[in-house]
Amino acid sequence: MAEWTELLNPIHILDIAIVAIFIYKLISMVKGTRAVQLIKGLLLLLVLTAVSSSSVLGLNTVNWILEQIKTMLLIAIPVVFQPELRRALEQLGNSSFIPGSKKSREDAEVVRIVDQLVPFLAEASRSHTGVLLALQREVGLGEYVNTGIKISGNLTSQLLGNIFIVNTPLHDGAVIIEDDVILAASCYLPLSENTNISKALGTRHRAGIGLSEVSDALVCIVSEETGAISIAEGGRLQYHISEEKLRRSLLEGLHTDTSKSVFQKWRDERESKNN
(Lines give C-alpha, C1' and ligand atoms only; values in the text may rest on other atoms or scores of the structure.)
Protein backbone atom coordinates (compact mmCIF):
# COMPACT_ATOMS: atom_id res chain seq x y z
CA MET A 1 0.00 0.00 0.00
CA ALA A 2 2.83 2.36 0.84
CA GLU A 3 4.38 1.71 -2.57
CA TRP A 4 1.16 2.75 -4.36
CA THR A 5 0.90 5.87 -2.21
CA GLU A 6 4.47 6.76 -3.18
CA LEU A 7 3.72 6.22 -6.88
CA LEU A 8 0.61 8.44 -6.71
CA ASN A 9 2.62 11.30 -5.21
CA PRO A 10 1.75 14.48 -7.24
CA ILE A 11 5.44 15.30 -7.67
CA HIS A 12 6.11 11.87 -9.19
CA ILE A 13 3.09 12.19 -11.49
CA LEU A 14 4.31 15.62 -12.64
CA ASP A 15 7.80 14.19 -13.14
CA ILE A 16 6.47 11.37 -15.36
CA ALA A 17 4.19 13.75 -17.28
CA ILE A 18 7.07 16.12 -18.11
CA VAL A 19 9.24 13.24 -19.34
CA ALA A 20 6.35 11.85 -21.42
CA ILE A 21 5.70 15.24 -23.04
CA PHE A 22 9.42 15.68 -23.74
CA ILE A 23 9.66 12.26 -25.43
CA TYR A 24 6.48 12.93 -27.43
CA LYS A 25 7.76 16.30 -28.66
CA LEU A 26 11.17 14.79 -29.48
CA ILE A 27 9.58 12.05 -31.60
CA SER A 28 7.31 14.59 -33.33
CA MET A 29 10.30 16.78 -34.11
CA VAL A 30 12.50 14.10 -35.70
CA LYS A 31 9.71 12.17 -37.43
CA GLY A 32 10.14 12.29 -41.20
CA THR A 33 13.64 13.82 -41.05
CA ARG A 34 17.10 12.38 -41.58
CA ALA A 35 17.54 12.34 -37.79
CA VAL A 36 15.53 9.09 -37.71
CA GLN A 37 18.22 7.24 -39.66
CA LEU A 38 20.96 8.78 -37.53
CA ILE A 39 19.24 7.72 -34.31
CA LYS A 40 18.86 4.17 -35.67
CA GLY A 41 22.59 4.12 -36.40
CA LEU A 42 23.42 5.31 -32.88
CA LEU A 43 21.19 2.65 -31.32
CA LEU A 44 22.82 -0.04 -33.45
CA LEU A 45 26.26 1.18 -32.37
CA LEU A 46 25.26 1.01 -28.69
CA VAL A 47 23.92 -2.53 -29.12
CA LEU A 48 27.11 -3.70 -30.87
CA THR A 49 29.22 -2.13 -28.14
CA ALA A 50 27.24 -3.92 -25.42
CA VAL A 51 27.46 -7.26 -27.25
CA SER A 52 31.18 -7.00 -28.01
CA SER A 53 32.05 -6.06 -24.43
CA SER A 54 30.25 -9.05 -22.95
CA SER A 55 32.40 -11.71 -21.32
CA VAL A 56 30.80 -14.41 -23.50
CA LEU A 57 32.19 -13.15 -26.82
CA GLY A 58 35.29 -11.33 -25.58
CA LEU A 59 35.75 -9.29 -28.80
CA ASN A 60 38.33 -6.97 -27.27
CA THR A 61 39.59 -5.39 -30.50
CA VAL A 62 36.10 -4.78 -31.86
CA ASN A 63 35.02 -3.37 -28.50
CA TRP A 64 38.04 -1.01 -28.42
CA ILE A 65 37.20 0.31 -31.90
CA LEU A 66 33.56 0.84 -30.98
CA GLU A 67 34.54 2.66 -27.78
CA GLN A 68 36.74 5.03 -29.80
CA ILE A 69 33.85 5.68 -32.18
CA LYS A 70 31.57 6.47 -29.23
CA THR A 71 34.13 8.99 -27.97
CA MET A 72 34.29 10.68 -31.38
CA LEU A 73 30.50 10.83 -31.55
CA LEU A 74 30.43 13.08 -28.48
CA ILE A 75 31.98 15.73 -30.72
CA ALA A 76 30.28 14.69 -33.98
CA ILE A 77 26.67 14.54 -32.71
CA PRO A 78 26.26 18.33 -32.15
CA VAL A 79 27.57 18.90 -35.69
CA VAL A 80 25.44 16.20 -37.35
CA PHE A 81 22.27 17.16 -35.47
CA GLN A 82 22.85 20.91 -35.78
CA PRO A 83 19.58 21.65 -37.68
CA GLU A 84 17.50 19.55 -35.28
CA LEU A 85 19.17 21.01 -32.18
CA ARG A 86 18.71 24.54 -33.50
CA ARG A 87 15.05 23.92 -34.19
CA ALA A 88 14.55 22.40 -30.72
CA LEU A 89 16.15 25.42 -29.02
CA GLU A 90 14.07 27.80 -31.14
CA GLN A 91 10.89 25.98 -30.15
CA LEU A 92 11.97 26.12 -26.51
CA GLY A 93 12.58 29.85 -26.81
CA ASN A 94 9.12 30.29 -28.33
CA SER A 95 7.50 28.25 -25.57
CA SER A 96 4.74 29.83 -23.51
CA PHE A 97 6.85 28.98 -20.46
CA ILE A 98 8.78 32.18 -21.22
CA PRO A 99 6.68 35.32 -20.61
CA GLY A 100 6.48 37.70 -23.56
CA SER A 101 8.07 35.21 -25.99
CA LYS A 102 4.95 35.03 -28.15
CA LYS A 103 3.98 37.75 -30.59
CA SER A 104 0.31 38.62 -30.15
CA ARG A 105 -1.75 39.34 -33.26
CA GLU A 106 -5.22 40.81 -33.27
CA ASP A 107 -7.89 38.88 -35.17
CA ALA A 108 -8.56 41.89 -37.41
CA GLU A 109 -4.86 42.13 -38.31
CA VAL A 110 -4.70 38.46 -39.26
CA VAL A 111 -7.85 38.79 -41.39
CA ARG A 112 -6.35 41.78 -43.22
CA ILE A 113 -3.19 39.79 -44.01
CA VAL A 114 -5.14 36.75 -45.20
CA ASP A 115 -7.45 38.91 -47.31
CA GLN A 116 -4.39 40.10 -49.28
CA LEU A 117 -2.75 36.68 -49.59
CA VAL A 118 -5.67 34.45 -50.60
CA PRO A 119 -6.83 36.40 -53.72
CA PHE A 120 -3.23 36.68 -54.94
CA LEU A 121 -2.48 32.97 -54.44
CA ALA A 122 -5.80 31.97 -56.04
CA GLU A 123 -5.07 34.11 -59.12
CA ALA A 124 -1.51 32.74 -59.31
CA SER A 125 -2.98 29.23 -59.22
CA ARG A 126 -5.35 29.99 -62.11
CA SER A 127 -2.58 31.53 -64.21
CA HIS A 128 0.00 28.84 -63.25
CA THR A 129 2.42 31.45 -61.90
CA GLY A 130 5.14 29.97 -59.71
CA VAL A 131 5.03 31.48 -56.20
CA LEU A 132 7.06 31.01 -53.02
CA LEU A 133 5.95 33.05 -49.99
CA ALA A 134 7.46 32.72 -46.49
CA LEU A 135 5.35 34.14 -43.66
CA GLN A 136 7.56 34.88 -40.65
CA ARG A 137 6.09 34.04 -37.27
CA GLU A 138 8.16 33.83 -34.05
CA VAL A 139 11.56 32.82 -35.51
CA GLY A 140 13.30 35.64 -37.35
CA LEU A 141 14.26 35.11 -41.00
CA GLY A 142 16.85 37.88 -41.23
CA GLU A 143 19.57 35.63 -42.65
CA TYR A 144 17.33 34.75 -45.60
CA VAL A 145 16.08 38.32 -46.04
CA ASN A 146 19.70 39.37 -46.54
CA THR A 147 20.05 37.01 -49.52
CA GLY A 148 17.35 38.85 -51.48
CA ILE A 149 16.33 42.36 -52.49
CA LYS A 150 14.85 44.35 -49.61
CA ILE A 151 11.48 45.96 -50.24
CA SER A 152 9.91 46.90 -46.87
CA GLY A 153 6.57 47.61 -48.53
CA ASN A 154 3.01 47.25 -47.26
CA LEU A 155 1.50 43.86 -48.02
CA THR A 156 -1.03 44.06 -50.86
CA SER A 157 -2.13 41.49 -53.42
CA GLN A 158 -1.30 44.01 -56.17
CA LEU A 159 2.31 44.41 -55.04
CA LEU A 160 2.72 40.64 -54.80
CA GLY A 161 1.30 40.34 -58.32
CA ASN A 162 3.91 42.78 -59.63
CA ILE A 163 6.75 40.98 -57.84
CA PHE A 164 5.84 37.62 -59.34
CA ILE A 165 5.46 38.75 -62.95
CA VAL A 166 7.20 36.08 -65.01
CA ASN A 167 10.68 36.88 -66.40
CA THR A 168 11.23 39.87 -64.11
CA PRO A 169 14.27 40.20 -61.77
CA LEU A 170 12.20 39.62 -58.61
CA HIS A 171 10.21 36.63 -59.85
CA ASP A 172 12.76 33.94 -58.99
CA GLY A 173 13.26 33.11 -55.33
CA ALA A 174 11.05 33.66 -52.32
CA VAL A 175 9.20 36.63 -50.88
CA ILE A 176 9.49 36.96 -47.10
CA ILE A 177 6.65 38.63 -45.22
CA GLU A 178 6.47 39.74 -41.59
CA ASP A 179 2.98 40.64 -40.41
CA ASP A 180 1.66 43.06 -43.08
CA VAL A 181 5.08 44.07 -44.46
CA ILE A 182 6.89 42.54 -47.43
CA LEU A 183 10.48 42.46 -46.18
CA ALA A 184 12.29 41.22 -49.29
CA ALA A 185 11.93 39.37 -52.58
CA SER A 186 14.12 37.03 -54.63
CA CYS A 187 15.42 35.39 -51.43
CA TYR A 188 17.26 32.06 -51.30
CA LEU A 189 15.82 29.41 -48.97
CA PRO A 190 17.50 26.21 -47.72
CA LEU A 191 16.53 23.07 -49.63
CA SER A 192 15.14 20.17 -47.62
CA GLU A 193 17.28 17.04 -47.46
CA ASN A 194 14.30 14.82 -46.63
CA THR A 195 14.51 11.78 -48.92
CA ASN A 196 10.80 11.03 -48.47
CA ILE A 197 9.73 14.07 -50.51
CA SER A 198 8.04 13.06 -53.76
CA LYS A 199 10.24 13.32 -56.85
CA ALA A 200 7.33 15.01 -58.59
CA LEU A 201 7.90 18.11 -56.42
CA GLY A 202 10.46 20.58 -57.69
CA THR A 203 12.96 22.98 -56.18
CA ARG A 204 10.28 25.49 -55.17
CA HIS A 205 8.49 22.94 -52.97
CA ARG A 206 11.75 21.55 -51.58
CA ALA A 207 12.85 25.07 -50.62
CA GLY A 208 9.52 25.75 -48.92
CA ILE A 209 9.71 22.53 -46.93
CA GLY A 210 13.38 23.23 -46.12
CA LEU A 211 12.61 26.61 -44.55
CA SER A 212 9.74 25.13 -42.55
CA GLU A 213 12.16 22.52 -41.17
CA VAL A 214 14.62 25.07 -39.78
CA SER A 215 12.09 27.70 -38.65
CA ASP A 216 8.44 28.05 -37.67
CA ALA A 217 7.64 29.95 -40.87
CA LEU A 218 4.42 29.25 -42.77
CA VAL A 219 5.36 28.83 -46.43
CA CYS A 220 2.87 29.15 -49.30
CA ILE A 221 3.77 27.59 -52.65
CA VAL A 222 2.07 27.69 -56.06
CA SER A 223 3.27 25.19 -58.64
CA GLU A 224 4.14 26.66 -62.03
CA GLU A 225 3.39 23.35 -63.76
CA THR A 226 0.06 22.35 -62.15
CA GLY A 227 -1.12 25.54 -60.46
CA ALA A 228 -1.57 23.60 -57.20
CA ILE A 229 -1.47 25.62 -53.99
CA SER A 230 0.47 24.07 -51.11
CA ILE A 231 1.43 25.06 -47.56
CA ALA A 232 4.61 23.89 -45.79
CA GLU A 233 4.72 23.99 -42.00
CA GLY A 234 6.97 22.18 -39.55
CA GLY A 235 8.63 20.16 -42.33
CA ARG A 236 5.27 18.85 -43.59
CA LEU A 237 3.52 19.76 -46.84
CA GLN A 238 -0.21 20.16 -47.46
CA TYR A 239 -0.34 19.70 -51.23
CA HIS A 240 -2.99 20.92 -53.67
CA ILE A 241 -5.35 22.52 -51.16
CA SER A 242 -8.54 24.39 -52.00
CA GLU A 243 -8.99 28.14 -51.61
CA GLU A 244 -11.23 27.55 -48.59
CA LYS A 245 -8.64 25.26 -46.97
CA LEU A 246 -5.94 27.83 -47.77
CA ARG A 247 -7.84 30.60 -45.99
CA ARG A 248 -8.55 28.41 -42.98
CA SER A 249 -4.92 27.25 -42.70
CA LEU A 250 -3.60 30.83 -42.93
CA LEU A 251 -6.05 32.11 -40.32
CA GLU A 252 -5.12 29.31 -37.93
CA GLY A 253 -1.39 29.52 -38.65
CA LEU A 254 -1.05 33.29 -38.26
CA HIS A 255 -3.30 33.66 -35.24
CA THR A 256 -1.42 33.40 -31.93
CA ASP A 257 -3.53 32.56 -28.91
CA THR A 258 -1.33 33.52 -25.96
CA SER A 259 -4.02 32.63 -23.46
CA LYS A 260 -3.53 28.89 -23.91
CA SER A 261 -1.08 27.03 -21.73
CA VAL A 262 1.59 24.78 -23.21
CA PHE A 263 -0.38 21.74 -22.04
CA GLN A 264 -3.54 22.92 -23.83
CA LYS A 265 -1.57 23.50 -27.02
CA TRP A 266 0.01 20.06 -26.73
CA ARG A 267 -3.46 18.53 -26.30
CA ASP A 268 -4.88 20.48 -29.27
CA GLU A 269 -1.93 19.45 -31.46
CA ARG A 270 -2.40 15.81 -30.50
CA GLU A 271 -6.15 15.92 -31.22
CA SER A 272 -5.49 17.60 -34.58
CA LYS A 273 -3.05 14.86 -35.61
CA ASN A 274 -5.46 12.12 -34.52
CA ASN A 275 -8.22 13.67 -36.60
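Mentor: A search of the whole structure finds one aromatic pair, where rings of Phe, Tyr and Trp (its six-membered ring) pair if their centres lie within 6.5 Å. The partners are phenylalanine 120 and phenylalanine 164; their ring centres are 5.8 Å apart and their planes stand at 35°, so the pair is tilted (planes under 30 degrees apart count as stacked, over 60 as edge-to-face and the rest as tilted). This pair joins distant parts of the chain, since phenylalanine 120 belongs to helix α6 and phenylalanine 164 to the loop between α8 and β3, 44 residues apart. Both phenylalanine 120 and phenylalanine 164 are buried, a term that denotes under 20% relative accessible area, with exposed over 50% and partly exposed in between (1.4 Å probe, protein chains only).

The model is predicted: local features need pLDDT of at least 70 and side-chain atom pairs count only at pLDDT 80 or more, whereas totals for chains, interfaces and linings use all residues. Residues are numbered from 1 along each chain as its sequence is written, and side-chain values use heavy atoms, with hydrogens and water left out.

Helices (H or I, at least four residues) and strands (E, at least two) are DSSP runs, numbered from the N terminus. Helix α6 covers residues 107-127, and at 1.5 Å a residue its 21 residues should span 30 Å, which agrees with end C-alpha atoms 30 Å apart; the expected span is 1.5 Å times one less than the number of residues. After α6 comes histidine 128, whose phi is positive, near 55°.

The buried residues of α6 include Val110, Ile113, Val114, Leu117, Phe120 and Leu121, and also Glu109 and Ser125. The buried residues of α6 pack against β1 (131-136), α8 (157-163), β3 (174-178), β5 (218-222), β6 (229-233) and α10 (243-254).

With α10, the axes come within 10 Å and cross at roughly 145°; axes are lines fitted to C-alpha atoms, for helices over the stretch in contact, and angles run from 0 to 180 degrees between N-to-C directions. Among the residues making this contact are Val114, Leu117 and Leu121 of α6 and Leu246, Leu250 and Leu254 of α10, contact meaning heavy atoms within 4.5 Å. By class, the contact of α6 with α10 has 12 nonpolar, no polar and four charged residues (Ala, Val, Leu, Ile, Met, Phe, Trp, Tyr, Cys and Pro count as nonpolar, Asp, Glu, Lys and Arg as charged, and the others, Gly among them, as polar).
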